[in-house]
Amino acid sequence: MPRKPLPVFLERSSYRKRRVMDALKLLALFGFILWMIPTLWPDGSDPDAAPVSMSHALFYVFGVWFVLIVLSAAFVSRQSGPKEKAGESDAGP
């Protein structure tokens, strides 16, 4: 007699933890891309383009850094937010 396949079911909490970890990984990639943008800014070698001052570049880099910290803290705090009640089921109503 063939065995019945087990239904695919993930607990809501473990599923959300995995999605938050995926979001944090994408956030790191997004931050890397944002940090590479100043390498595309004009420097003093092109006479037609005005160079970006170092103070503006530093404000940009530290601004991106601050935003990444705030977003990652928001993701982690959302993951460790209020837990589900023991009486609630993941199956729905």
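Of the 93 residues in this chain, 8% count as buried. Keep in mind that this is a predicted model. The accessible surface of the chain comes to about 8,300 Å², and 69% of that surface belongs to carbon and sulfur atoms.

Next, the secondary structure. The chain has two helices and zero strands. Helix H1 covers 12-36, and helix H2 covers 54-79.

How does the span of H1 agree with its number of residues? H1 has 25 residues and, at 1.5 Å a residue, should span 36 Å; the C-alpha atoms at its ends are 36 Å apart, so the two values agree.

Which residues of H1 are buried? They are Val20, Leu27 and Gly31. The cover over these buried residues includes H2.

On to contacts across the chain. Taking contacts with a separation of 6 or more, 62% are between residues 24 or more positions apart. Gln79 is found in helix H2. Leaving out residues up to four places away in sequence, Gln79 touches Lys17 and Val20. Val20, you will recall, is one of the buried residues of H1. Is Gln79 itself buried or partly exposed? Its relative accessibility is 28%, so Gln79 counts as partly exposed; the cut-off for buried is under 20%.

Now the surface. There is a nonpolar patch of about 1,200 Å². Its members are Leu26, Leu29, Phe32, Ile33, Trp35, Met36, Met54, Leu58, Phe62, Trp65 and Ile69. Helices H1 and H2 each supply at least two residues of this patch. Which helix gives the most to the patch? That is H1, with six residues.

An α-helix has 3.6 residues a turn, so residues three or four places apart point the same way. With that in mind, look again at the patch members, among them Leu26, Leu29 and Ile33, and also Leu58, Phe62, Trp65 and Ile69.

To sum up, the chain has two helices and zero strands. H2 is part of what covers the buried residues of H1, and both helices supply residues to the nonpolar patch.

Conventions: Residues numbered from 1 in each chain as written. Predicted model: local features only at pLDDT ≥ 70, side-chain atom pairs only at ≥ 80, totals over all residues. Heavy atoms only, no water. Patch = residues over 30% accessible without salt bridge, like charges linked within 9 Å, V, L, I, M, F, W, Y side chains within 5 Å. Areas by Shrake-Rupley, 256 points an atom, 1.4 Å probe, with all protein chains shown as cover. Salt bridge = Lys/Arg side-chain N within 4 Å of Asp/Glu carboxyl O. Helix = DSSP H or I, 4+ residues; strand = E, 2+ residues; numbered from the N terminus. Buried < 20%, exposed > 50% of the residue type's maximum accessible area, 1.4 Å probe, protein only. Contact = heavy atoms within 4.5 Å. Expected span 1.5 Å × (residues − 1).
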